[in-house]
Amino acid sequence: MSLLEAILQGLIQGITEFLPVSSSGHLALFQIAFGLEETGGLLFDCLLHFGTLLAVFAVYYRDIWKMICEGFGLLGDALMNAGIAAARLAGDKDKKYRRVICNGYRKFDMLVIVSTIPTGIIGIAASDLIEAASAFLIVPGICLIITSVLLFIADRCSEGHKTPKHVTYTNAFIIGICQGFATLPGISRSGTTITACLLSGFDRKFAVKYSFIMSIPAILGSVVLQLFDIENLQISQTEWLYYLAGTLIAAIVGYICIKIMLYVVREKKYTIFSIYCLIVGVISVGAYFIL
């Protein structure tokens, strides 16, 4: 892999991870087009995803910090309730249970956990299928066409007003299933989850925030799984520099694209991305049969 190829893949990852056009689909198309299926491999994919993860933390660091703090508080209260339950079983009926979900950030934590469960199950169960699908030009092409349809629907969703207080755990579970299917190359994770949020009646700004923050455990889980397969890789010092350059580009461009997405969803500008995905998808499917 050359420095230019590393930078281009970092650029593609940063743009397509958060803009609703599928990072996995575009990276698969890029790697197939330039014969990079075996170059860089899992380690570089991990680093690119880590770069986009840094972008999420940079944009939503206040919310993420509060969620972490409240997450520890939630865990502490849950453990206290377990102790209270044991005391009540022993005969001390005067002890009162603590309210565990007592504010919006604790509810946000629980919603993300519920969404992550089906995503993780689908991701693990279908990992081999997803890896194999990335090698065929027709798969990301068809999936990009599906993404186009989802984005067309998103722009036509009625205004919702749900914030964490009003979102149900059923909503969160369904959105997690959608995120799980978005691991297919060509299905946009952000486009799919934001569309699912809007169809569930989420406030548009919160839909974007929920989509990107719920991606944190999904991306971390993906990176951890991939790390098991890179133990024996021999990476030169020059290649490490190329990988880090791609990671940095992915982080910077990803930060910019999250800001763009806040505007896109608020102003209902998905249609242009829908048309783009349709065009790229049709070209990819056509190329599969022609080339």
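## Aromatic pairs

Phe-108 and Phe-206 are both buried, where buried means under 20% relative accessible area, exposed over 50% and partly exposed in between, with a 1.4 Å probe and protein chains only. The model is predicted: local features need pLDDT of at least 70, side-chain atom pairs count only at pLDDT 80 or more, and totals for chains, interfaces and linings use all residues. Residues are numbered from 1 along each chain as its sequence is written, and side-chain values use heavy atoms, with hydrogens and water left out.

Rings of Phe, Tyr and Trp (its six-membered ring) pair if their centres lie within 6.5 Å; planes under 30 degrees apart count as stacked, over 60 as edge-to-face and the rest as tilted. The count by this rule is eight aromatic pairs. The ring centres of Phe-108 and Phe-206 are 5.3 Å apart and the planes are at 65°, so this pair is edge-to-face. Phe-108 is in helix H5 and Phe-206 in helix H10, 98 residues apart, and the pair links distant parts of the chain. Helices (H or I, at least four residues) are DSSP runs, numbered from the N terminus. Phe-108 and Phe-206 also belong to one aromatic cluster with Phe-202 and Tyr-210.

## Helix H12

Helix H12 covers residues 237-266, 30 residues in number. From first C-alpha to last it reaches 44 Å, close to the 44 Å expected at 1.5 Å a residue; the expected span is 1.5 Å times one less than the number of residues. Buried positions in H12 include Tyr-243, Gly-246, Ala-250, Val-253, Cys-257, Met-261 and Val-265. The helix is followed by Lys-268, whose phi is positive, near 55°.

Trp-240 and Tyr-243 both lie in H12, three residues apart, about one turn of the helix. Trp-240 is partly exposed at 37% relative accessibility, whereas Tyr-243 is buried, with a relative accessible area of 4%.

## Nonpolar cores

A nonpolar core is a set of buried Ala, Val, Leu, Ile, Met, Phe, Trp, Tyr and Cys residues joined through side-chain atoms within 4.5 Å. The largest one has 50 residues, and Tyr-60, Tyr-210 and Tyr-270 have the most contacts inside it. Apart from this core lies another, of seven residues, among them Ala-6, Leu-43, Phe-44 and Leu-48.

Contact means heavy atoms within 4.5 Å. Beyond its neighbours within four places in sequence, Tyr-270 is in contact with residues including Pro-20, Leu-151, Ser-190, Ile-194, Met-261 and Val-264.

## Salt bridges

The structure holds six salt bridges, each a side-chain nitrogen of Lys or Arg within 4 Å of a carboxyl oxygen of Asp or Glu. In the one between Arg-106 and Asp-77, the closest N and O atoms are 2.7 Å apart. Arg-106 lies in helix H5 (residues 104-125) and Asp-77 in helix H4 (residues 61-89), so the pair ties together parts 29 residues apart in sequence. Both Arg-106 and Asp-77 are buried.

Arg-204 forms a salt bridge with Glu-159, with the closest N and O atoms 3.3 Å apart. Arg-204 lies in helix H10 (residues 204-213) and Glu-159 in the loop between helix H7 (138-154) and helix H8 (169-181), so this pair ties together parts 45 residues apart in sequence. Arg-204 is buried at a relative accessible area of 7%, while Glu-159 is partly exposed at 47%. Salt bridges that share partners join Glu-70, Asp-77, Arg-98 and Arg-106 into one network.

How values were computed:
Helices (H or I, at least four residues) and strands (E, at least two) are DSSP runs, numbered from the N terminus.
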